[in-house]
Amino acid sequence: MKKALVMLMVVALFAGVLGFTPVRAAEGAIVQITIGSTKATINSKAVVLDQPPLIESGRTLVPFRFIGEAIGAQIGWNPAKKSVSYVLGNKNIVLTIGSVTAIVNGVKTTLDVAPKILPTGRTVVPIRFISESIGAKVDWNATTRMVTVTVAAAKPSWSTPIKIVLSAPFTGSGSILGTYCKGGAQLAVDEINAAGGVNGAKLDLITYDDQANASTAATVVRRALDSDKAVAIFGPNMSAAVLGVHALAQQAKVPMLVGATSPSLRYDTTHNDYLFRLRADDGVKVAQQVKYIVEILKAKKPGIILGSDDYCTSALAVAKQAFEKYGIKIVDIESMKEGDKDVTAQVTKLKNAGIDVLVGLTHEPEAAVVMLKVRQLKLAVPIVGFSAWGVPAFTDLAGDAAIGVISVQGFNPADTDPTVKKFVDAYKAKWGMEPSDPAQCYYDGVYLLKKAIETAGSTDPVKIDEALKTVEYTGVQGLMKCDALHNFTNICYISQFNGKTWKVISKIP
Amino acid sequence: MPILETKMSEKTEELLRIKNLTVMYNGITALRSISMTVDKGEVVSVLGPNGAGKTTLLRAISGLVKLEVGSSILFSGKEIVGYQPYKIACEGIAHVPEGRQVFPAMSVNENLEVATTRVSRGLRKGRIDSVYQLFSELAGRKNQQAGSLSGGEQQMLAIGRAIASGSELILIDEPSMGLAPIIVQRIFRTLKEIVKETRLTLLLVEQNAKLSLPLSDRIYVLSQGSIAMEGPVAEIHDNQMIQDMYFAKG
Amino acid sequence: MVLSDLLQNIIGGVTVGATYGLIGLGVVFLWQSIERINFANISSAMLAAYLFYTFYTQLHLGFLVAFVVSIAIIAAYGLALRHLVLEPINRHGGDKLEFVVATLMLCTFWLSVVKVLYGGIAKPFPPVFGEATSFVQIGSISIPSVYFWIFFVVLVLVLVLYVLLQRTMIGKMFRATAQNKEMASLVGINVGMTTSLAFMLSTSIVGIAGILLAPIYFVSLDLGGGPIGVKGFAAAVMGGLIDPLGTILGGLSIGLIENFSTLFISSAYKDVISFVVLVVVLVWKPRGIFNWTTKGD
């Protein structure tokens, strides 16, 4: 019972965390059997048959259930009519025991050999007929007496809906981001479908919750690749999750378009031809932040308040380099940990170091904690924060303390650019709320994919991938074009918070 | 008048009546169909070798062990089988367990205080003071942590707790265990005093019959979970078996 | 470094330290009453803060109603803890360790539940204790007004707890139950009742702390684990797990050590230094350094 209690806890704990592992027979499989032998292989994995294949009138007969499962078909058995059916994709085969008449996709066909029940009680069916009817290739090796059935992976036909998958966090630490990701992507999909789709085919967006968690994201991506047969995957949106799964997309040769912003996802690091980024990466943003501090604010003695995780420390690395390039020395770097609620000492030290600008490289709640302390201790210098300092999750918490904060943003809904305005209005009309970063990047991403499919003239993921590298598209984020780092855009805004909205100071580029 | 009449009335005032008390531990019978009575104002001793079931008997009365169906314990005429231990305590049965069991991280005074839940608020202090009168050793250590007392003092505190509670019946389990003879004598002297002055009812389990018998009115001898013998001290004292078991020299 | 800087840091350290102490009180109370350590102690703070947020901000129930309802639910949760966690473990022969394991799981469980229900983004706490940006200026020192609330409530809670445990019959009954359950029942203490009350009081204290701390911690998952949980526990240990005042002083010293190690050494080593100090203290004085309740062995 003690154990039971603990188990209960564990189950409760993981109930929401664990996803699913689809165990499906191969779609796109190679099946090998040998006459008279119970040993067979599916995708070179050994399996044992309960009935060895046999030859009758020159045709190879195999157990009906085995062949169905091996090629991944759904198997039906009607005891009244003594009929066996196979369904795979849009193919449908019905055979009747003892009858040479079969029905393939509703059309009557005659077999050379009828399916039969052996004295052992096993039902066997002609392997070549089943395989070829389903569109598989059958090879016979007379010396080894081996039959090889090759089932090609089903390719979505041009007329069926084009499946795309979005992996985004809807529960867990980034749940609000998932809402924006989906809001942007779904808006684009609906707009495209309403306008007639992509070359007449509708887009079908399937959304999964990856909980901003690398292992859940892996499950989601596998499902998207294996069972959904997505032609492209959007997300995950969190860098750590992308790092964990982008190789899966590479293996499957399916393009993955992400809004994650870590510099470690650049092409020169990942060398993944199937991974693309839909918004400016953090390295670009920090560089712009420093540029603004030095060139516009003319600051000489920057101080930094720094969070502890990868998002913060990789921003610091870029900031250090950037300041160095200008020949400016950072006079003080004070650290805090995510979850810290008192930064009196840090802010005191920054103040006493005589800084003339405070550079904020933390997450949202820490930014709020810092700003409340900055106001309390009257640290009167310009505050220029990183991207987390430019979102509602920060301003909601900091309230009035956030007034005057300058931040580098990937998106600013207050931008008066007509394309941005049109997007913001459409988003508001559809979802009843203002879009926030990263909604715009998945919106742009779906349009970009549409263009790539049209350019490729195919829904083959490999061809789409090739097209993605060359297409150009002008969206909410301006001109989107894949660069050497597989980034589509470097756009960012320097904006200042006035208590209600973020006023755009400059838009780069 | 007095003597005969008093005796008569006492005889009729039965405080505890146990009938057919049976306790099983993991399939072994620890107590088998025990039947006994304790009258008001009586001191009853339970003798018997180790493992005879003496401690189990006291624990059974206090509701600490599960009783078999058919067991009955009447206290002041009320069936208390099935009561939770604290309820039995509130009915007026105090238990001074083996090994004292004082609350170590509480002061002497607090130990006594928590035992007075059944005493009405206004009388609590008086009851506690009466304990300090009986055990002057404790009076000087009111605010000392009970855990830091000597073994003898802890035993006094444990008995004091039972007295403070104002219970009608006190169950005492091996009060001499692990204590120096001089301390034991000191404690029994006080017990005798208490019995004489307050006509308190005691059910006493004590290995050392030399100490307990002079105090007792009647004796039950337990052996292997059953009552082997019973009777007034005067009668049973001369019994050869008792002599051999408890008074043999050497 | 000027005097006002120093004072400013003492105030910051003391306030955050007091919050650790407040959380530690929940640990102390349960230990005092039933000698169990509830590793999901901190969850009550998070649950209360989210409940209050739901009632006050989302359902517009008004401060008093929202507060009372939240704490009532938290108290009922305490009762449920007893009947759904403690008792089943006891019934099946489990002991302290099993309770620790179960409550550790529970802590993560509540974090997951709140994450699913409210999302992971911290929410601003309504300014019921004054605006976050309202500061009281004393000379060159500026103090957020919510700090005064924290000081006040901590003071009141410590006083109430101290009196309750040390001076009242019910408090003594709690302590007796903790020290020897069987003996407590033999002296007539309804152990079931004191155990239930202990759980309800323990979760309520932490619940009150949770609502009080939300202006500083926001309505966030940070209230349900992480540094405050660990340091609240550490504060309780410094008070020997039984001394309420010692627990608050333990919390204060942790808060001050954190601030001063940042100020005089480096912010990068803040946590390392405070935990090293804590470990040293525990090894040196395992019964707690601020423990006047138990002396000697």
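The model is predicted.

Chain A contains an open sheet of five strands, in the order β16-β15-β17-β18-β19. Its pairing is parallel. Strands β16 (203-209) and β19 (275-277) of chain A form the edges, each pairing on one side only. Neighbouring strands of this sheet are turned by 25 degrees against each other on average, direction ignored. Strand β15 (residues 162-168) of chain A runs parallel to β16(A), and seven bridges join the two. Within this pairing, A:Lys163 has A:Asp204 of β16(A) as its bridge partner. Helix α14 (residues 439-456) of chain A lies across β15, β16, β17 (232-234) and β18 (256-258) of chain A. The helix runs at about 170 degrees to β17(A).

Over all chains, the structure holds 35 salt bridges. One of these joins the side chains of A:Lys507 and A:Asp417 (4.0 Å, N to O). This pair links distant parts of the chain, 90 residues apart. A:Lys507 sits in strand β28 (residues 502-508) of chain A, and A:Asp417 in the loop between β24 (406-409) and α13 (418-431) of chain A. A:Lys507 is partly exposed, at 29% relative accessibility. A:Asp417 is also partly exposed, at 26%.

A salt bridge also joins A:Lys469 and A:Glu466 (3.6 Å, N to O). A:Lys469 has a relative accessible area of 24%, and A:Glu466 one of 47%.

In chain B, B:Glu42 and B:Arg218 form a salt bridge, with the closest N and O atoms 2.4 Å apart. The two residues are 176 residues apart in the chain. Both B:Glu42 and B:Arg218 are buried.

Methods. Residues numbered from 1 in each chain as written. Chains lettered and ligands numbered in written order. Predicted model: local features only at pLDDT ≥ 70, side-chain atom pairs only at ≥ 80, totals over all residues. Heavy atoms only, no water. Pairing = 2+ DSSP bridges. Helix = DSSP H or I, 4+ residues; strand = E, 2+ residues; numbered from the N terminus. Axes fitted to C-alpha atoms, helices over the stretch in contact; angles between N-to-C directions. Contact = heavy atoms within 4.5 Å. Buried < 20%, exposed > 50% of the residue type's maximum accessible area, 1.4 Å probe, protein only.
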